[in-house]
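Look at the sequence and the model together.

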Amino acid sequence: MATILVIDDEANIRLMYEGLLKEEGYDVIATETGAEGLQVLDQQAVDLVVLDIKLKAENGLDVLRRIVRQHPQVPVVLCSAYISFQDDYTSWLAERYLVKSGDPDELLQEVKRVLAQRSQKAIA
C-alpha cells in the first residue's frame, strides 16, 4: 500500500488525517515541521505528501519548493485554511490545493485520485 507523509503543525489535524488515511489502508507518517518531513523524504520512499501551508517553524510554500526540487517524483497535495494562497504561483507546483474543512472526504478523494494517476503514469 502507498505511504503518505502528512506535514502539519496542528496535532489535531495530523491525527485526523492519519486516522482517516490509515482506515483506508495507507501507511502514514506524520510530522509537525517541514524540516522533519524533508528528513523523512530523504530517508525513505513516500508516494504522496499532504502539506499544510501555514506552519509555525517555516512557510509551507518554501517546503513545497524544496520537495519539488529535491524529490520531484513525489506529488504534493496542499491543504490550507486560507484560500488566498491559491494566488501564489508557488502553490501551482502542487498536484492539488485544498481548503481545510470539517469534512476530510475531499482530501481522501484527492489522495486516491493522485495515487491512481501516479500509478497509471508508472505503467505507461
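Strand E3 (residues 48-52) pairs with strand E4 in the parallel sense, over 4 bridges. Helices (H or I, at least four residues) and strands (E, at least two) are DSSP runs, numbered from the N terminus. Two strands pair if DSSP finds at least two bridges between them. On the way, E3, helix H3 (residues 60-70) and E4 make a right-handed β-α-β unit. A crossover is right-handed if, with the strands pointing away from the viewer, the path from the first strand over the helix to the second runs clockwise.

E4 also pairs with E5. That pairing is parallel too, over 4 bridges. Here Leu78 has Tyr97 of E5 as its bridge partner.

## How the model is read

This is a predicted model, in which local features need pLDDT of at least 70, side-chain atom pairs count only at pLDDT 80 or more, and totals for chains, interfaces and linings use all residues. Residues are numbered from 1 along each chain as its sequence is written, and side-chain values use heavy atoms, with hydrogens and water left out.

## A buried strand

Is E4 enclosed or open to the outside? All of its residues count here: 5 of the 5 in strand E4 (residues 76-80) are buried, so the strand is largely enclosed by the rest of the structure. Buried means under 20% relative accessible area, exposed over 50%, and partly exposed in between (1.4 Å probe, protein chains only). Val76, Leu78 and Ser80 point one way from E4. Val77 and Cys79 point the other way.

Asp52 sits in strand E3. Its relative accessible area is 3%, so Asp52 is buried. Leaving out residues up to four places away in sequence, Asp52 touches Ile7, Asp8, Asp9, Gly60, Cys79, Ser80 and Lys100. A contact means heavy atoms within 4.5 Å.

## The whole chain

The protein chain has 4 helices and 5 strands. Along the sequence they follow the pattern β-α-β-α-β-α-β-β-α. Of its 124 residues, 47% are buried. Take the contacts with a separation of 6 or more: residues 24 or more positions apart account for 61% of them.

Strand E1 (residues 3-7) and strand E2 (residues 27-31) run parallel, joined by 5 bridges. Ile4 has Val28 in E2 as its bridge partner. The chain crosses from E1 through H1 to E2, and this β-α-β crossover is right-handed.

## The cavity

How many cavities of 30 Å³ or more are there? The count is 1. About 80 Å³ of space lies in the largest cavity. On a 1 Å grid over the protein atoms alone, a cavity is a set of points where a 1.4 Å probe fits but cannot get out, and lining residues have an atom within 4 Å of a point. Grid points are joined across faces, edges and corners, and a volume is the space filled by probe spheres set on the points.

The lining includes Met16, Tyr17, Cys79, Leu98, Lys100 and Asp103. Helix H1 (11-23), strand E5 (96-99) and helix H4 (105-123) each supply at least two lining residues. By class, the lining has 7 nonpolar, 1 polar and 3 charged residues. Ala, Val, Leu, Ile, Met, Phe, Trp, Tyr, Cys and Pro count as nonpolar, Asp, Glu, Lys and Arg as charged, and the others, Gly among them, as polar.

Pro75 lies in the loop between H3 and E4. Pro75 is buried, with a relative accessible area of 10%. Pro75 and Val114 are 39 residues apart in sequence, yet 7.5 Å apart in space, C-alpha to C-alpha. Beyond its neighbours within four places in sequence, Pro75 has contacts that include Leu48, Glu95 and Val114.

Glu95 is in the loop between E4 and E5. Glu95 is partly exposed, at 33% relative accessible area. Beyond residues up to four places away in sequence, Glu95 touches Pro75, Val76, Arg113, Val114 and Gln117.

Lys112 belongs to helix H4. With a relative accessible area of 38%, Lys112 is partly exposed. Not counting residues up to four places away in sequence, Lys112 touches Glu24 and Tyr26. Lys112 and Glu24 are 88 residues apart in sequence and 9.7 Å apart in space, C-alpha to C-alpha.

Technical notes: On a 1 Å grid over the protein atoms alone, a cavity is a set of points where a 1.4 Å probe fits but cannot get out, and a pocket is an open set with protein on both sides within 12 Å along at least five of seven lines; lining residues have an atom within 4 Å of a point.
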